[in-house]
Amino acid sequence: MAEENDSSQEKTEEATPRKLEKAREDGQVARSKELTTTILLITGTLALMASGAFLGRKLMLVFEESMTLERETLFDPVSMLTHMGHAIFEASLGLAPLFLALMVAAFVGPISLGGWLVSTKALAPKLNRMDPIAGLKRMFSIKSVVELLKAVGKVGIILLVAVLMLKALRSQLLGLASEALGPAIIHALWLAAISALVLAASTILIAVVDVPFQIWDHAKKLRMSMQDIKDEYKDTEGKPEVKSRVRQLQREMAERRMMSDVPEADVVITNPTHFSVALKYNPETMETPVMVAKGADNIALKIREIANAHGVEIVEAPALARSIFHTTEIGDTVPAGLYVAVAQVLAYVFQLRSHKQGQGDRPQKPRNVQIPPNLRYD
């Protein structure tokens with residue numbers, strides 16, 4: 001038994017949808033810092049290449065204006081503050097495209113894996129992180145080893161790509177010395193931008209390895225034992241005795257609502273002891289009769305008692321009572337095959353009502369009400 005209990009506690013099962021939802025509410029989703037870093041580096045490099053000319057013009061304007069100040073401006077604090085504010089504005093305007101691109105990348109990067117998530121629980125302090133023993137376990141865990149390998153891999157890959165880039169661009173770099181100053185500066189900037197883009201793109205290799213690992217590690221942390229799944233099912237669906245009690249209360253409430261409609265019925269049809277069904281029909285507002293209550297045994301007896309107490313006519317028609325009981329739900333109209341039989345009973349009830357008011361002779365109770373063979377429940 002001990003072995004069975006131990007094995008049942010092994011977390012070998014995939015997380016259930018409820019466990020995944022709860023983990024997401026707690027801020028636990030798969031995230032890859034390497035993917036975010038890669039997106040930031042590539043986006044920043046591309047944005048700098050695209051807006052480099054604009055940024056250069058703005059910085060050149062700031063440099064020129066800062067180097068050509070009038071003597072009066074130098075000795076006027078207000079003018080210097082105005083000049084400095086203008087320089088900051090021009091520099092910020094030049095850097096705006098780059099900052100905007102980085103802002104978008106910083107937003108898109110984290111949600112690329114795991115999706116959009118806002119959770120205050122993830123920001124709450126956790127005292128267990130201050131446990132030195134738990135800290136040592138994290139230092140020597142598989143994830144720490146993977147992080148170390150990623151760091152070594154990043155340095156190795158970037159170093160390798162840098163060496164290959166230097167070899168590929170060696171002739172161009174040496175040729176800069178023979179170019180004129182202006183073209184050489186532009187050429188050098190272009191070579192630097194291409195090199196930065198290639199180095200940034202090299203981190204894609206790290207992200208390709210890190211993303212599957214983060215997904216696997218996240219799924220591993222959320223694994224459940226069979227006991228966890230059973231406990232979750234009990235919490236979600238409720239314990240059997242609680243569910244049974246809830247169903248009992250629901251039945252009692254439904255019976256009370258049903259019984260409250262019996263006084264409004266036009267007739268109660270019985271068989272006469274085991275089944276009772278109460279029908280209501282208003283020719284002016286209803287196309288077909290509707291069953292407002294039904295019951296068997298004790299409930300059938302209760303329906304008859306309420307009907308007697310409120311003067312609702314009770315008609316014994318065993319075959320019709322059984323047929324309506326088995327084919328019709330509360331609130332539904334009677335089946336079309338029973339229209340003729342029900343019409344006979346209702347006609348008797350309405351004629352009897354008129355007779356009690358002094359209009360017409362006393363009608364005869366319907367006998368041998370015909371029920372279609374497919375609707376009979378003998």
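**Ground rules.** I took the model as predicted, with local features needing pLDDT of at least 70 and side-chain atom pairs counting only at pLDDT 80 or more, while totals for chains, interfaces and linings use all residues. Residues are numbered from 1 along each chain as its sequence is written, and side-chain values use heavy atoms, with hydrogens and water left out.

**Entry: helix α3.** I looked up the span of α3 (residues 33–67) and found that its 35 residues put the end C-alpha atoms only 43 Å apart, short of the 51 Å that a straight helix would reach at 1.5 Å a residue; the expected span is 1.5 Å times one less than the number of residues. Helices here are DSSP runs (H or I, at least four residues) and strands are E runs of at least two, numbered from the N terminus. I then found a bend of about 60 degrees at S51, the bend being the angle between axes fitted to the seven residues ending there and the seven starting there.

S51 is also among the buried residues of α3, a list that includes E34, L35, L55, K58 and V62; buried means under 20% relative accessible area, exposed over 50% and partly exposed in between, with a 1.4 Å probe and protein chains only. The cover over these buried residues includes α5 (77–111), α7 (142–168), α9 (181–202) and α10 (204–221), contact meaning heavy atoms within 4.5 Å.

**Entry: salt bridges.** I counted six salt bridges in the structure, each a side-chain nitrogen of Lys or Arg within 4 Å of a carboxyl oxygen of Asp or Glu. K154 pairs with E34, with the closest N and O atoms 3.3 Å apart, and the pair links distant parts of the chain, K154 being in helix α7 and E34 in helix α3, 120 residues apart. K154 is partly exposed at 28% relative accessible area, whereas E34 is buried at 7%.

K58 forms a salt bridge with E90, the closest N and O atoms lying 3.0 Å apart. Since K58 belongs to helix α3 and E90 to helix α5, this pair ties together parts that are 32 residues apart in sequence. Both partners count as buried, K58 at 17% relative accessibility and E90 at 8%.

The side chains of R353 and D266 meet in a salt bridge at 3.4 Å, N to O. R353 lies in helix α15 and D266 in the loop between α12 (240–261) and β1, so the pair ties together parts 87 residues apart in sequence. R353 is partly exposed at 38%, while D266 is buried at 10%.

**Entry: strands.** I followed the pairing of β1 with β2, which is antiparallel over four bridges; two strands pair if DSSP finds at least two bridges between them. A hairpin of four residues joins β1 to β2, and V267 has L279 in β2 as its bridge partner. β2 is also joined to β3 by six bridges, again in the antiparallel sense, and V277 has K294 in β3 as its bridge partner. Five of the six residues of β2 are buried, so this strand is largely enclosed by the rest of the structure.

**Entry: nonpolar cores.** I looked up the largest nonpolar core, which has 25 residues, and found that V267, I269, L279, L320, I324, V342 and I371 touch the most other members; such a core is a set of buried Ala, Val, Leu, Ile, Met, Phe, Trp, Tyr and Cys residues joined through side-chain atoms within 4.5 Å. The elements giving two or more residues to this core are β1 (267–270), β2 (275–280), α14 (318–327) and α15 (339–356), and α15 gives the most, with seven residues.

I371 touches A319, L320, S323, L338, A341 and R376, leaving aside residues up to four places away in sequence. A second, separate core of 13 residues includes M258, A265, A278 and V312.

**Entry: D297.** I noted that phi of D297 is near 55 degrees, a positive value in a residue other than glycine. Most residues other than glycine have a negative phi. D297 sits in the loop between β3 (290–296) and α13 (298–309), and at 46% relative accessibility this residue counts as partly exposed.
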